[in-house]
Amino acid sequence: MSTANSVAGHYGSAGIAERVLAAWRAANGPDARPTPDSLAQFDHFHGRGVLATQELAAQLALRPGERVLDIGSGIGGPARWFAAKFAVPVTGVDLTPEFCAAAEALSAATGLADRVSIIHGSALALPVPDGAFDAAYSQNVIMNIADKRLFYREAFRALRPGGRLVLSNLCAGPMGEPYFPVPWATTRDTSFLATPQEMRADLLAAGFAIADFRDITDATREAQRRTRERIDKGEVPRIAVDIIMGERAREMQWNSIRSIEEGRGTAIEALVRKPG
Ligand SMILES: C[S@@+](CC[C@H](N)C(=O)[O-])C[C@H]1O[C@@H](n2cnc3c(N)ncnc32)[C@H](O)[C@@H]1O
């Protein structure tokens, strides 16, 4: 099986939008209308949830009307959040067909279908014209990408000169590979963690100028510690990973927590620019 099929097979399942909306209604009542903010707990599928998205937004400093690309848009939580907060059109590209369908259904449920477009496709052959975007972001996707230079070259191609890209990503840690399964991969066959040094080199090789590159592992570890305390007390918050990954989520979260605690992953946020 190709890596793309294995990655999509890891993430995809039927009825994701229905499960997200059911969890949202259980928390908010049957009659209210979901908003990107009230859905955020359930549809931002990455470590630290909407807090991490807010950090990327601060780095991107979007202006109204700028065209934004979300590479590996998942079920569309960050795309809807950006579109609503900054009045920008967002195009999301994702490999997992069930995620694209869920993203479209949730955008319709939040009344954002006219501002968020989702395209089923690969980050390694972005189905978008050259220079079509002012800004782009990608959250917790590059861990699934073996050919990282191609990923960065495609992002570079999609941006206009002067366009910026903000990334959050788990890189390799000094203490060896993570424990599997983790939320992004069932086995090591679809997990590709570069070192932070390799990430920098790959970004530069694609032509980007690096404006900011920071290790946020401590903040990630602290957020995970709080999650672990809540799990220990039996207060398991329903978050995107539970709803999307179902019964496998608990083991994946534990492995992710343990891996970060033991130095088996380094969380990186980076802001880069296409010169021009
Ligand atoms: C952990 S999820 C993050 C989703 C989303 N960025 C978020 O933060 O909510 C990783 C996503 O990357 C997507 N993905 C992995 N490899 C991809 C590729 N080659 N092209 C496009 N999407 C990819 C998966 O389908 C999945 O939606």
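## About the model

Because this is a predicted model, local features need pLDDT of at least 70 and side-chain atom pairs count only at pLDDT 80 or more, while totals for chains, interfaces and linings use all residues. Residues are numbered from 1 along each chain as its sequence is written, and side-chain values use heavy atoms, with hydrogens and water left out.

## Around the ligand

Where does the backbone meet nitrogen atoms of the ligand? A polar backbone atom of Gly72 lies 2.7 Å from a ligand nitrogen, and one of Leu95 lies 3.3 Å from a ligand nitrogen. For Gln139, a backbone N or O atom is 3.0 Å from a nitrogen of the ligand. These are polar contacts, meaning pairs of N or O atoms within 3.5 Å. The protein covers 97% of the 590 Å² of accessible area that the ligand has on its own (areas come from the Shrake-Rupley method with a 1.4 Å probe).

## The sheet and its helices

Next comes an open sheet of seven strands with mixed pairing, in the order E3-E2-E1-E4-E5-E7-E6. Strands are DSSP runs of E with at least two residues, and helices are runs of H or I with at least four, numbered from the N terminus. Two strands pair if DSSP finds at least two bridges between them. At the edges, E3 (116-120) and E6 (209-215) each pair on one side only. From one strand to the next, the twist averages 15°.

Strands E5 (residues 159-171) and E7 (residues 266-273) run antiparallel, joined by eight bridges. Helix H7 (residues 148-158) packs on the sheet and touches E1, E4 and E5, where contact means heavy atoms within 4.5 Å. Helix H8 (residues 196-205) also packs on the sheet, touching E5, E6 and E7.

## Two backbone details

Which peptide bond is cis, with omega near 0°? That bond runs from Phe180 to Pro181, and Pro181 lies in the loop between E5 and H8. Ala87, a residue other than glycine, has a positive phi near 50°; Ala87 sits in the loop between H5 (77-86) and E2 (90-94).

Conventions. A polar contact is a pair of N or O atoms within 3.5 Å; within protein, one must be able to donate a hydrogen and the other to accept it, and residues adjacent in sequence count only if both atoms are side-chain atoms. Axes are lines fitted to C-alpha atoms, for helices over the stretch in contact, and angles run from 0 to 180 degrees between N-to-C directions.
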